[in-house]
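Thanks for coming, everyone. I'll take a few minutes to walk you through one structure. Have a look at it first.

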Amino acid sequence: MSRIGKYPVPVPSGVDITIDGALVTVKGPKGTLSHSVAQPITVQQGDEGIEVKRPNDERISKSLHGLTRTLIANMVEGVTNGYEKKLEIVGTGYRVALKGTDLEFALGFSHPVVIAPPEGISFSVEGPTKFAVAGIDKQQVGEIAANIRKVRPPEPYKGKGVRYAGEQVRRKAGKTGK
């Protein structure tokens, strides 16, 4: 039995879960998310919450069992509390500003880099070098944060670039003089 998959997903008050065959829809105070469950896995409403079951012990069923339970738990967490990724910028002259809903970066290029938020994602700027990506879909928040980091990833010699808050960048020694 999958250690993660065997636990039911607790449903807090204010969250409504609809199971329509293979489609699971979670509606909460922050919004609505839906997920199509892969074939051998079944989802049903239980006494303690949402239960994810698998029909047999085949390899594909075992791997999808814990995954499906975690995806549903992430949807419940997203519609109640939401997700947020904090990022920071390191480098002389590097900064970020909020222009309307878009983020405008000065990252040492000859032009400013403007990133518009997709549907369901919001940006917030805490300072000239600190900002956050927030939304209800964990996968989408992580992907947008990774795409922003890809614009100027931290380099190993001085550590300049966009990094996650608290990320440790491995540094290299560089050239040694005589």
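Start with the open sheet: four strands, in the order β10-β11-β6-β12, with antiparallel pairing. This is a predicted model: local features need pLDDT of at least 70, side-chain atom pairs count only at pLDDT 80 or more, and totals for chains, interfaces and linings use all residues. Residues are numbered from 1 along each chain as its sequence is written, and side-chain values use heavy atoms, with hydrogens and water left out.

Some terms. Strands (E, at least two residues) and helices (H or I, at least four) are DSSP runs, numbered from the N terminus. Two strands pair if DSSP finds at least two bridges between them.

Axes here are lines fitted to C-alpha atoms, for helices over the stretch in contact, and angles run from 0 to 180 degrees between N-to-C directions.

Now β6, residues 83–90. It pairs with β12 in the antiparallel sense, over four bridges. Glu 88 has Arg 163 in β12 as its bridge partner.

Next, helix α2, residues 138–151. It lies across β6, β10, β11 (130–135) and β12, and runs at about 10° to β6. Val 151 is in this helix. Buried means under 20% relative accessible area, exposed over 50%, partly exposed in between, with a 1.4 Å probe and protein chains only. Leaving out residues up to four places away in sequence, Val 151 touches Leu 107, Phe 109, Val 113 and Ile 115. Contact means heavy atoms within 4.5 Å.

On to the cores. A nonpolar core is a set of buried Ala, Val, Leu, Ile, Met, Phe, Trp, Tyr and Cys residues joined through side-chain atoms within 4.5 Å. The largest has 19 residues, and Ile 89 and Phe 105 are among those with the most contacts inside it. Helix α2 gives the largest share, four residues. A second, separate core has 18 residues, including Ile 50 and Ile 72.

Last stop: helix α1, residues 59–80, which holds Thr 68. At 3% relative accessibility, Thr 68 counts as buried. Beyond its neighbours within four places in sequence, Thr 68 contacts Val 37, Ile 41, Val 43 and Val 52.
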